[in-house]
Amino acid sequence: MNVEQLMSRPVVTCGVDDSANRAAQLMWEEDIGAVVVLDASKRIAGIVTDRDLCMAAYTRGATLSQILVREVMSKAVAVIGAGERLAAAEALMRSKQVRRLPVVDAGGLLVGVVSLNDIARVATEQRGRKSPAVGVDELVTTLGAICEPRRPQHLARRA
């Protein structure tokens, strides 16, 4: 199974100059935990999660409407091609410890998002089949790798 067969689309996005409040609004309205951030040329500039927004408000003592998405988004975004196999998406999620991957076409344009939730749904649907596209063991391995503790960036900078 390829990534494009199970990716979510259309993709919910916001702009780099949108407020963090706008990103939170999109997450609330669409029942999602992350929004892909686009620059003025509609290229991927970053990704912002609900945790990013929460921690930004906490650490800055500011409201979300006072914070710009560009200030809190992750700029190093792992992406995957639409034609890649699900196994490649899982491997990338494990190595980068991320739950979501923006999906791009051959030109690098955003066409979808594949999440650990999407993969879990496929694993559940195919459970018990002889040759499932996603095995439960692989899913558990991916989840375990993603959940492995990481040293917070603010502590890593002091070392």
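Analyst: The side chains of E71 and R60 form a salt bridge, with N and O 2.9 Å apart; the term denotes a side-chain nitrogen of Lys or Arg within 4 Å of a carboxyl oxygen of Asp or Glu. This is a predicted model, in which local features need pLDDT of at least 70, side-chain atom pairs count only at pLDDT 80 or more, and totals for chains, interfaces and linings use all residues. Residues are numbered from 1 along each chain as its sequence is written, and side-chain values use heavy atoms, leaving out hydrogens and water.

User: Where does D17, the partner of R70, lie?

Analyst: R70 forms a salt bridge with D17, the closest N and O atoms being 2.7 Å apart. R70 belongs to helix α3 (residues 69–72), 53 residues from its partner. D17 lies in the loop between β1 (13–15), a strand (a DSSP run of E, at least two residues), and α1 (20–30).

User: Is D118 buried or exposed?

Analyst: D118 forms a salt bridge with R121, their closest N and O atoms being 2.4 Å apart. Buried means under 20% relative accessible area, exposed over 50%, and partly exposed in between (1.4 Å probe, protein chains only). R121 is partly exposed at 47%. With 3% relative accessibility, D118 is buried.

Key. Helices (H or I, at least four residues) and strands (E, at least two) are DSSP runs, numbered from the N terminus.
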